[in-house]
Amino acid sequence: MSLTLNFQECKNISDYSLITISNALGFLKKLKEINLIYSNCEEITDRGTAPLIRSIISEKSRMLKMDFHNCNRLSEETLLIRKEALILSPGLVHLNLNFGECTTLSDRGIEELKYGLMKLKNINF
């Protein structure tokens, strides 16, 4: 079972939308492939990404793709949530993250994320 959410270039998508989606998707714990595309969504912050990721990640997850290209309101908190997701998904073997042009992220977030990456077979940044 897979899920793709593509909100690329949707300038009016906000944290409220992500929280609403996460509430609706909380029952989908059997997802094996998850593809989230939010590139250039300027209103998204950590406050919206956290509940979304937590609602869909489970031990059944095998592939996770997240595109937050040019989402400049994200911070290290978003990367810490990814680390948590990696730990909660022991079966996850493929990870594709795009944080291109996210000018608010720094080395600290990447440093935290690395601890969850050790078990993966395929990683794309």
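## Glu9 and Lys11

Glu9 is partly exposed, its relative accessible area being 43%, in a model that is predicted. The side chain of Glu9 makes a salt bridge with Lys11, in which the closest N and O atoms lie 3.6 Å apart. Lys11 is likewise partly exposed, with a relative accessible area of 35%.

## From Lys11 to Glu42

Lys11 also meets the side chain of Glu42 in a salt bridge, at 3.4 Å from N to O. Because Lys11 sits in the loop between β1 (2-6) and α1 (15-25), while Glu42 sits in the loop between β2 (33-37) and α2, this pair ties together parts that are 31 residues apart in sequence. Glu42 is partly exposed, with a relative accessible area of 40%.

## Glu43 and Arg73

A search of the whole structure gives 3 salt bridges, and one of them joins Glu43 to Arg73, with 3.1 Å between the closest N and O atoms. This pair links distant parts of the chain, since Glu43 belongs to the loop between β2 and α2 and Arg73 to the loop between β3 (63-67) and α3 (76-88), 30 residues apart. Glu43 counts as partly exposed at 36% relative accessibility, and Arg73 is partly exposed with a relative accessible area of 45%. Through shared partners, salt bridges join Glu9, Lys11 and Glu42 into one network.

## Helix α2

The buried residues of α2 are Asp46, Gly48, Thr49, Ala50, Leu52, Ile53, Ser55 and Ile56.

Terms used:
Residues numbered from 1 in each chain as written. Predicted model: local features only at pLDDT ≥ 70, side-chain atom pairs only at ≥ 80, totals over all residues. Heavy atoms only, no water. Buried < 20%, exposed > 50% of the residue type's maximum accessible area, 1.4 Å probe, protein only. Helix = DSSP H or I, 4+ residues; strand = E, 2+ residues; numbered from the N terminus. Salt bridge = Lys/Arg side-chain N within 4 Å of Asp/Glu carboxyl O.
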